[in-house]
Amino acid sequence: MTFPTPYTIGWHQYSAGAVTGRNIAAAVYTPDLDDPGTDLDVISIGTDTRSTEPDETRVVTQKYVCAPAPCQVKARDVLDLSDGQYEVDGEIDDQTTGFHGWNPGVVIWLK
């Protein structure tokens, strides 16, 4: 069983460019961030709101995208959503390695 992929978003792949005077590699995106991204079919797009403090005074809202496996998206890539561009926050959350043998897909956290 696989989930349908009713949404298509843009995907910009990150690579390290030339090193600047401060010894930091410039970010290079393919396609360029000003251009539409490569089509990426996804299962869902959502937000996760949770408290990060014991007294619940600080609340963090983070966006995520669920995509079918295998997925080539990596940390620092940029995804185009309807409300703007978001950078991939760390490695994708692989949900395909359970004991059951079912491959529902991956979760891509964004910032």
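Student: Where is Pro31 placed?
Tutor: Pro31 lies in the loop between strand 2 and strand 3. A strand here is a DSSP run of E with at least two residues, numbered from the N terminus. The peptide bond from Thr30 to Pro31 is cis, with omega near -10°. A further cis bond leads from Ala69 to Pro70, where omega is near -5°; Pro70 belongs to the loop between strand 5 and strand 6.

Student: On what basis are such values reported?
Tutor: The model is predicted, and local features require a pLDDT of at least 70, side-chain atom pairs count only at pLDDT 80 or more, and totals for chains, interfaces and linings use all residues. Residues are numbered from 1 along each chain as its sequence is written, and side-chain values use heavy atoms, with hydrogens and water left out.

Student: What is the phi of Arg76, and where is Arg76 found?
Tutor: Arg76 has a positive phi of about 80°, although this residue is not a glycine. Arg76 is found in the loop between strand 5 and strand 6.

Student: Why is Arg76 called partly exposed?
Tutor: The relative accessible area of Arg76 is 38%. Buried means under 20%, exposed means over 50%, and partly exposed is in between (1.4 Å probe, protein chains only). The value of 38% therefore makes Arg76 partly exposed.

Student: How do you know that strand 1 and strand 3 pair?
Tutor: Two strands pair if DSSP finds at least two bridges between them.

Student: How many bridges join strand 1 to strand 2, and how many join strand 1 to strand 6?
Tutor: Five bridges join strand 1 to strand 2 (residues 25–30), in antiparallel fashion, with Tyr29 as the partner of Tyr14. Strand 6 is joined to strand 1 by three bridges, also antiparallel; there the partner of His12 is Val78. In the hairpin of strand 1 and strand 2, five residues lie between the strands, and Asn23 takes a positive phi near 65°.

Student: What makes Lys63 and Asp83 a salt bridge?
Tutor: A salt bridge requires a side-chain nitrogen of Lys or Arg within 4 Å of a carboxyl oxygen of Asp or Glu. The closest N and O atoms of Lys63 and Asp83 are 3.3 Å apart, so the pair qualifies. Lys63 lies in strand 5 and Asp83 in the loop between strand 6 (78–81) and strand 7 (84–87), so the pair ties together parts that are 20 residues apart in sequence. The count by this rule is one salt bridge. Asp83 is partly exposed, at 46% relative accessibility.

Student: Why is the pair of Tyr64 and Trp109 called tilted?
Tutor: Rings of Phe, Tyr and Trp (its six-membered ring) pair if their centres lie within 6.5 Å; planes under 30 degrees apart count as stacked, over 60 as edge-to-face and the rest as tilted. The centres of Tyr64 and Trp109 are 5.4 Å apart and the planes stand at 55°, so the pair is tilted. Tyr64 lies in strand 5 (residues 59–67) and Trp109 in strand 9 (residues 106–110), so parts 45 residues apart in sequence are tied together. Tyr64 is partly exposed at 23% relative accessibility, and Trp109 is partly exposed at 22%.

Student: What makes a set of residues a nonpolar core, and which members touch the most others?
Tutor: The term denotes buried Ala, Val, Leu, Ile, Met, Phe, Trp, Tyr and Cys residues joined through side-chain atoms within 4.5 Å. The largest such core has 15 residues, of which Ile9, Leu40, Val65, Val73, Leu79, Ile108 and Leu110 touch the most other members. Strand 9 gives the most to this core, with three residues.

Key:
Helix = DSSP H or I, 4+ residues; strand = E, 2+ residues; numbered from the N terminus.
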